[in-house]
Amino acid sequence: MLSNSIKRRNQKTILGFSFVFLAVAILVSLNTGSFAISFAEMVEIFSKGATDTLKGKVLFKLRLPRIVMALTVGMLLGSSGGVMQTVFRNPIADPYIIGISASATFGAVVAYFLKLPESFYGIFGSVFSFITASIIFKLSETRRPGAGLSTLLVIGIAISAFIRALISLSMYIMGEDSFRIILWTMGYLGRGSWREILILVVPLVGSLLYFHHHRFHLDALLLEEAEAHSLGINVKKFRREVLIVATFMVGFSVAFSGMIGFVGLIIPHIVRTIFGNTNTKVIPLSALYGGIFLLVCDTLARGISPSMEIPIGIITAIFGAPFFLYLSFKMRRRGI
């Protein structure tokens, strides 16, 4: 009893520190860039609302939208990764690793080829993501013990390779006009605008409300199928519904930010380690820490080199690839 009390107190301390860290990260990000703006100047600009000055425009039209964009996309990727790990019952079911992000990118490329408005990029990305996720889910179902992890990996790698080949073909056909697709394949938040943020807020808020409403059903998916059925849950129908919502989130985030990997792998795993497996905590906290993580990565992408910006997908991969290897070896030792 005392141990649980100490654990809850430690969790509250970590959560409180996280919000302080988020505030500091936002301030540092506002101050990061090739155009120098001191903290004193930032305070003066915000207090006076001086948006018409050059530094005011840099803050309000470039850096602040980019910060909010990083937080929004990170929240989408973090929470969707946590949900997909629950649906697939697999700790490495990250949208990037198993090819869902690549499918969303290809969907956005198709919409781009058709010269549709930007709002359709997310719709096309979501549709292609759901098709791929459904195929992976169906093919990775197995009753053979220990086969789930390796099966999911092999299928994900194969589908991702095929879709990336289609994306490369699209770039080859477009020639010099393929820069937008190149940005999609590496991840980029520099085009973030208040209009795009408003579009992304809709799937973010809607999906989080949906997951919160069904949080106990999501916990039931971690049980054996017979146990979940005994609780009155139509498992196959509910998994399909959850998969639609999760891929909807991935589709929209990738359509506006490109393929940013490993957020949906790292963050939910850390959240589960610290706060436990219940989805009442996992989903909202994966959203929170996903946003913080992506904001830190984007700040590093802009601040490491004054002369050039590193694609954010490279930064997340630097953190994510070693973590993926660690998690894979950990699962292997457990015989999963």
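**View 1. Ala-246, a buried residue of helix α11 in a predicted model.** Ala-246 has a relative accessible area of 1%. This value is under 20%, so Ala-246 counts as buried. Helix α11, which holds Ala-246, covers residues 235-257. Leaving aside residues up to four places away in sequence, Ala-246 touches Ser-80, Val-83, Met-84 and Phe-211. Ser-126 lies 120 residues from Ala-246 along the chain. The C-alpha atoms of this pair are 9.0 Å apart.

**View 2. Asp-298 and its polar contact with Arg-66.** Asp-298 sits in helix α13, residues 279-303. Its relative accessibility is 1%, so Asp-298 is classed as buried. The side chains of Asp-298 and Arg-66 make a polar contact at 2.9 Å. Asp-298 also touches Ala-70, Leu-189 and Ile-312, again not counting residues up to four places away in sequence.

**View 3. The second largest pocket and its lining.** The space in this pocket is about 340 Å³. Its lining is made of 18 residues. Closest to the pocket centre are Gly-33, Arg-63, Arg-66, Arg-302 and Glu-309. Arg-66 is also the polar partner of Asp-298.

**View 4. Helix α3 at the second largest pocket.** Helix α3 runs through residues 54-88. With five residues, helix α3 gives the most to the lining of this pocket.

Conventions
Residues numbered from 1 in each chain as written. Predicted model: local features only at pLDDT ≥ 70, side-chain atom pairs only at ≥ 80, totals over all residues. Heavy atoms only, no water. 1 Å grid on protein atoms, 1.4 Å probe; cavity = no way out; pocket = protein on both sides within 12 Å on 5 of 7 lines; lining within 4 Å. Points joined across faces, edges and corners; volume = space filled by probe spheres on them. Helix = DSSP H or I, 4+ residues; strand = E, 2+ residues; numbered from the N terminus. Buried < 20%, exposed > 50% of the residue type's maximum accessible area, 1.4 Å probe, protein only. Polar contact = N/O pair within 3.5 Å; in protein donor to acceptor, adjacent residues only side chain to side chain. Contact = heavy atoms within 4.5 Å.
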